[in-house]
Amino acid sequence: MPQEPGKIVSPSPRPCPVCGKPVQFAFRPFCSAACTDRDLHHWFAGTYRLPAGDEDDAPEPEAGENMS
Ligand SMILES: [Zn+2]
């Protein structure tokens with residue numbers, strides 16, 4: 001198994017997904033507490049925005065059998 005002493009595990013090169021700044025280890029995968037909070041807020045907003053009660057199996061009004 002070849003060992004490469006020059007290759008050391010580097011920290012995640014990915015930037016902050018919120019603002020694109022370099023990620024701080026303490027806040028990874030974000031760059032700061034503010035971005036962590038902002039992302040969490042987005043996540044919650046997306047969850048609460050899910051349509052509830054908008055299903056297709058809603059009871060249809062009786063139409064057609066009510067001809068008099
Ligand atoms: Zn950020």
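## Close-up views of a predicted chain

**View 1. Val-23, a partly exposed residue.** Val-23 is partly exposed because 19 other C-beta atoms lie within 10 Å; a residue is buried if 20 or more other C-beta atoms lie within 10 Å of its own, exposed if 12 or fewer, and partly exposed in between, with C-beta atoms placed from the backbone. You are looking at a predicted model, in which local features need pLDDT of at least 70, side-chain atom pairs count only at pLDDT 80 or more, and totals for chains, interfaces and linings use all residues. Residues are numbered from 1 along each chain as its sequence is written. Val-23 sits in the segment before helix 1; helices (H or I, at least four residues) and strands (E, at least two) are DSSP runs, numbered from the N terminus.

View 2. From C-alpha to C-alpha, Pro-13 and Val-23 are 8.0 Å apart in space and ten residues apart in sequence.

**View 3. Cys-31 and its contacts.** Here we turn to Cys-31, in the segment before helix 1, which spans 33-48. Cys-31 counts as buried because it has 20 C-beta neighbours inside 10 Å. Which residues does Cys-31 contact, leaving aside its neighbours within four places in sequence? They are Cys-16, Cys-19, Lys-21, Pro-22, Val-23 and Gln-24, where contact means that the C-beta atoms of two residues, placed from the backbone, lie within 7 Å. For Lys-21, ten residues from Cys-31 along the chain, the C-alpha separation from Cys-31 is 6.3 Å.

**View 4. The cis peptide bond at Pro-29.** Zoom in on the backbone for this one. Arg-28 and Pro-29 are joined by a cis peptide bond, with omega about 5°. Pro-29 is in the segment before helix 1.

**View 5. Arg-38 in helix 1.** Arg-38 lies in helix 1. With 14 C-beta neighbours inside 10 Å, Arg-38 is therefore partly exposed. Val-18 is 20 residues from Arg-38 in sequence, and their C-alpha atoms are 7.7 Å apart in space.

**View 6. The chain as a whole.** How much of the chain counts as buried? Of its 68 residues, 4% do. Among contacts in the chain with a separation of 6 or more, 0% come from residues 24 or more positions apart.
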